[in-house]
Amino acid sequence: MPKHSTIPTIPTFADAYSYSLDAWQRSVLFLDVMRQRGAQYEEHRTQTAPNVLEFEARLVGDGRTLARPVNYALVSIVPPEGVVADPSKRPFVVVDPRAGHGPGIGGFKADSEIGVAMKAGHPCYFIGFLPDPVPGQTIEDIALAEAVFLETVIARHPDADGKPCVIGNCQAGWAVMIVAALRPELFGPIIIAGAPLSYWAGVKGQNPMRYSGGLLGGSWLAALTGDLGAGVFDGAWLVQNFENQNPANTLWTKQYNLYSKIDTEAARYLGFERWWGGHVTLNAEEMQFIVDELFVGNKLAAGEIRTSDGTAIDLRNIRSPIVVFCSKGDNITPPQQALDWILDLYDSVDEIRAYGQTIVYTVHETVGHLGIFVSAGVARKEHDEFASNIELIDVLPPGLYEAVLTPAANVAEGRHLVSGEWLMRCEARTLDDIRALGGNDIEDERRFAAAAKLSEVNLALYRTYLQPLVKAAATPPVAEAMRNMHPLRLQYALFGQDNPFMPWMSALADHVRENREPADASNPFIAWQEALSQQIVDGLDTWRRTAEYLSEQSFHAIYGAPTLQAALGIDTNSDQPPRKAEKSLLHQALVEARIAELRTRFAEGATCEGLARSLIFVGMARGGADERGLEAVRRLRRAHPSAKQLTLADFKAVMREQYFMLLIDEDAALAALPKLLPEAIEERRAAFTALREVLEASGVLTGLAAERLQRVAALFGLDSEPPVAINAGKVVRNRAAS
């Protein structure tokens, strides 16, 4: 035996008896939890609008009443006791994914996206859906309905300091981005969590779910499933796809964790199963759009999706800041699928700026897919910080940033300006930082393009030869019977009230609880049980890794064949990606016209514009911004009543315009700076002091930033009595001048 082993060589009879009794009692309690789960499932599915929201909600908008009706609804969240919504703050709108489960996961716990937004004082709304779609509704209809809901929210908050911040989880993320591309004027900052916007992207040897569409021959199988459902696609199949990604958890760990911790785990298990088992349905047309356009086709990031009136959905039309949450531990939407749409749309950060877009991303190291928007730890950290600092993101200059979170306890300077337990800093990044996360090469892109082409061929063949027969055979009663027989539904029904063995399980479980005798943790049979469980998990993980390896190799071999690619019209000699967003000459002309206009306005403005230009000029040397600087700006506004006249929207417009002026011609913009300042030297000195307080809120200026501040001081006409002196790379204040 190993020196540190906790398993004795010879267990005693008392150990065996104690473990046997404990195992029997745990088995009874486990079956009783299964009974409760079955009853909970039946109760949940009989509700008109089942959801798992932790908070009280009031209906505001019913999508079934719209001109193009959908099964979506807008509700307002009632703040819990002790929480007050500030009417001057922008509202938050959480949109849940319709990916097989019912709604509510964004407000599943007190520590959730909704919870942290309300804690920050924001009014909150939630967009959810009913279990069954309105016949004939489409993804476009849902997008139009969500636009109407946002119009309603904006109308309800006329005094808010900005447009709604919209959070889209998982598949709701790409849905929100579609709406934002069509109606950009309705949005404040957009937060997309675990959303697959570039479905082809990934890293070899990891997360092979992206290969499944090609290995199944494309989207014809989605069409077949919808036809077998008599025009209805059963969302349980989507849930099954999720579960197939981790067979160890699906087939063993989830249940074993309940069994081994039956005295403490039941409430958490039942709470999650209430959502996980709340299966919903989609129209077959909706699912076909999702698979053809987004998953197999990967057309969203390339701007190739069009609405019914011919409008191209181009994500470059979005004008609001976009925040992307992703995780290296997410096997459903890995960071490449969450971020590589940026590479599909843009060739450089300068191009991002030319479109006036601000993109902020953060990559978690370990949390899984659901943890991105369910985990209380993530909610209390990432979501809490973004909710508290959404205004900082809204005023960032256009560009690409990574949000870096530092424990507030480690902040030495400006700690009083940090509101939460973490300091959020947005650091400038380039497209190479996205590429460094890994991604496809040109050969991979050709393989996926070939899979998309073959999908179109197979779908056409299915619709021509098989679809008429399937539709004739799959009547609505047959389709309903097939849905009820789905394995994921059966696992609930087998332990439900129709099982004659379940009614007496409750009484037996009560008896066991009254006489519960758990085995001691040091019991050697407990250690053996854990070892056996780990062996089962290891075996299932080996099975998963083998299946993933074979699927990846098969995909590469099939769709990498030059003969197949040539037959499908894929140019095997081109060094250009087969699917890339088109460039717009009109947009380039508009950018050039805007540049010409801004060049004529370098000397226009007053002290506000001068301070903004100076702040950006010095701040650019730091390569980012954090919440301390914005909080210093807020305090300055409160201290100077005249500054309050500038709304957040006005402040954002001023900051962006001054930023673009510096990008266009830095020397000319700085040369014109004195014309924006007041004549009186005392007023200039006061303005410069305010500027310095904001800049030094994030710490003492050093290096290039300090040199730039010195240059600004000269432009303010304060060089004869310099307010700062550069010494050993640091800024030293001249007390007499201040």
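Rings of Phe, Tyr and Trp count as a pair if their centres lie within 6.5 Å. Keep that cut-off in mind for the opening stop. The model on screen is predicted.

**Stop 1: the ring cluster**

Select Trp 200, Tyr 211, Phe 448, Phe 555 and Tyr 559. Ring pairs link these residues into a cluster. The whole structure holds 19 aromatic pairs. Zoom in on Trp 200 and Phe 448. Their rings are stacked, with 5.8 Å from centre to centre and 20 degrees between the planes. Now trace the chain between them. Trp 200 lies in the loop between strand 6 and helix 5, while Phe 448 belongs to helix 18. The two are 248 residues apart, so this pair links distant parts of the chain. Both Trp 200 and Phe 448 are buried.

Next, select Trp 275 and Trp 276. Their ring centres are also set 5.8 Å apart, but the planes meet at 55 degrees, so this pair is tilted. Both Trp 275 and Trp 276 are buried.

**Stop 2: helix 18 and its partners**

Stay with helix 18, residues 442-465. Select Asp 444 and Lys 204. They form a salt bridge, and the closest N and O atoms are 2.7 Å apart. Lys 204 sits in the loop between strand 6 (190-193) and helix 5 (212-215), 240 residues from Asp 444. Lys 204 is partly exposed, at 43%.

Now show the surface and select Val 457, Leu 461, Tyr 465, Leu 466 and Leu 469. Together they make a nonpolar surface patch of about 520 Å². Helix 18 gives the largest share of the patch, three residues. Leu 461 is found in helix 18. Its relative accessible area is 44%, which makes Leu 461 partly exposed.

**Stop 3**

Side chains of opposite charge can pair when their charged atoms come close. A search of the whole structure finds 46 salt bridges. Select Arg 68 and Glu 140. Their side chains meet in a salt bridge at 3.9 Å, N to O. Arg 68 is in the loop between strand 1 (57-62) and strand 2 (72-77), and Glu 140 is in helix 3 (residues 139-156). This pair, too, links distant parts of the chain, 72 residues apart. Both ends are partly exposed: Arg 68 at 38% and Glu 140 at 22%.

Move to Glu 427 and Arg 425. Here the salt bridge is 3.6 Å, N to O. Glu 427 is partly exposed, with a relative accessible area of 24%.

Then select Arg 594, Glu 597, Arg 601, Glu 604 and Glu 657. Salt bridges link these residues in a network.

**Stop 3: helix 10**

Select residues 284-295, the twelve residues of helix 10. Draw a line between the end C-alpha atoms. They are 15 Å apart; at 1.5 Å a residue the helix should span 16 Å, which agrees. How many of its twelve residues are buried? Ten are, so helix 10 is mostly covered. Among the buried residues are Met 287, Ile 290, Val 291, Leu 294 and Phe 295.

**Stop 4: the cysteines**

Finish at Cys 608, which is partly exposed at 32%.

Conventions: Residues numbered from 1 in each chain as written. Predicted model: local features only at pLDDT ≥ 70, side-chain atom pairs only at ≥ 80, totals over all residues. Heavy atoms only, no water. Helix = DSSP H or I, 4+ residues; strand = E, 2+ residues; numbered from the N terminus. Expected span 1.5 Å × (residues − 1). Buried < 20%, exposed > 50% of the residue type's maximum accessible area, 1.4 Å probe, protein only. Salt bridge = Lys/Arg side-chain N within 4 Å of Asp/Glu carboxyl O. Patch = residues over 30% accessible without salt bridge, like charges linked within 9 Å, V, L, I, M, F, W, Y side chains within 5 Å. Areas by Shrake-Rupley, 256 points an atom, 1.4 Å probe, with all protein chains shown as cover. Phe/Tyr/Trp six-rings, centres within 6.5 Å; stacked < 30°, edge-to-face > 60°.
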